[in-house]
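Reader: I'd like to learn how to read a ligand site and some helix packing. Can you walk me through a case?

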Amino acid sequence: MQLVGVRDVSKVFANGVKALADVSLDVQAGEFLSVLGPSGCGKSTLLRLIAGLAEPTAGTIDWPDERGREDLGFVFQEPTLMPWATALANVALPLKLRGIAKGEREARAAEALDNVGVKGFERVWPRELSGGMKMRVSLARALVFRPRLLLMYGPSMGLAPILVEQSFELIQQINQQGVTIFMVE
Ligand code: ADP
């Protein structure tokens with residue numbers, strides 16, 4: 001089943017930079033798709049267009065099932081945790097914003113943290129976490145809603161090679177749990 005189709009998409013920024021030209025691809029449910037390319041080739045732009053954070057100049061982003069558009073998680077290039085909140089509160093934030101009661105959101109956030117291998121760090125502050133752990137907490141926050149599609153930057157940015165390997169294994173596990181992965185590297 002096709003989740004999203006990118007059809008002849010181009011993106012030209014106001015300053016005249018053509019970031020994407022006639023890009024087409026399909027993301028199938030259950031897939032683990034990676035887009036590779038050098039810095040500046042348009043990967044972030046493609047990710048942002050699929051996420052609906054920007055509009056294409058030409059072409060379309062098609063969602064055969066309209067619900068797919070809302071049912072996505074996004075992991076930014078840098079871990080974007082709130083420094084004044086614990087790991088658990090950071091992961092629970094999207095649930096809090098949707099009015100889910102404290103007990104339930106904390107239970108779901110703890111489960112999401114456990115799922116990315118950071119059990120026992122619920123009450124820890126972001127500043128006490130290593131870069132790799134922060135990325136995992138960011139990943140848990142994107143997954144706390146159990147999205148169908150996870151849009152993300154690959155783990156190789158700024159992580160030690162051993163962590164990159166572990167992170168790939170983790171993302172593969174998440175994919176095996178049924179989350180479609182669209183990653184740029
Ligand atoms: P990548 O993620 O592959 O490094 P980007 O999608 O960030 O590439 O950028 C593709 C091109 O578009 C680059 O030349 C970049 O400088 C340019 N670009 C990205 N965002 C903007 C913007 N908001 N305004 C103007 N140019 C941009």
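**The ligand and the helices**

Author: Let's start with the shell: Phe13, Asn15, Val17, Ala19, Pro38, Ser39, Gly40, Cys41, Gly42, Lys43, Ser44 and Thr45 are the residues around the ligand. Keep in mind that this is a predicted model.

Reader: How do the residues of that shell divide into nonpolar, polar and charged?

Author: Five are nonpolar, six are polar and one is charged.

Reader: And which helix gives the largest share of the shell?

Author: That's helix 1, residues 43-51, with three residues.

Reader: Which atoms of Lys43 and Thr45 lie by an oxygen atom of the ligand, and at what distance?

Author: For Lys43, a polar side-chain atom sits 2.8 Å from a ligand oxygen. Thr45 also brings a polar side-chain atom, at 2.5 Å from an oxygen atom of the ligand. With Gly42, look at the backbone instead: one of its N or O atoms is 3.0 Å from a ligand oxygen.

Reader: How much of the ligand does the protein bury?

Author: On its own the ligand exposes 560 Å², and the protein buries 61% of that.

Reader: OK, on to the helices. What describes two packed helices?

Author: You need the angle between their axes and the distance between the axes.

Reader: At what angle does helix 4 pack with helix 5, and how far apart are their axes?

Author: Helix 5 covers residues 161-176; the angle with helix 4 is about 15°, with the axes 11 Å apart. That makes helix 4 roughly parallel to helix 5 as well, and this crossing is right-handed too.

Reader: What about helix 2 and helix 3: what are the angle and the distance between their axes?

Author: Helix 3 spans residues 102-115, and helix 2 packs with helix 3 at about 120°, their axes 8 Å apart. Helix 2 and helix 3 are therefore oblique to each other. As for handedness, helix 2 passes helix 3 in a right-handed crossing.

How values were computed. Residues are numbered from 1 along each chain as its sequence is written. This is a predicted model: local features need pLDDT of at least 70, side-chain atom pairs count only at pLDDT 80 or more; totals for chains, interfaces and linings use all residues. Side-chain values use heavy atoms; hydrogens and water are left out. A residue is near a molecule or strand if one of its heavy atoms lies within 4 Å of it. A polar contact is a pair of N or O atoms within 3.5 Å; within protein, one must be able to donate a hydrogen and the other to accept it, and residues adjacent in sequence count only if both atoms are side-chain atoms. Accessible areas come from the Shrake-Rupley method with a 1.4 Å probe; for residues, only the protein chains shown count as cover. Helices (H or I, at least four residues) and strands (E, at least two) are DSSP runs, numbered from the N terminus. Ala, Val, Leu, Ile, Met, Phe, Trp, Tyr, Cys and Pro count as nonpolar, Asp, Glu, Lys and Arg as charged, and the others, Gly among them, as polar. Axes are lines fitted to C-alpha atoms, for helices over the stretch in contact, and angles run from 0 to 180 degrees between N-to-C directions. Angles under 35 degrees count as roughly parallel, over 145 as roughly antiparallel, 65 to 115 as roughly perpendicular and the rest as oblique. A crossing is left-handed if the near helix is turned anticlockwise from the far one by less than a right angle, and right-handed if clockwise.
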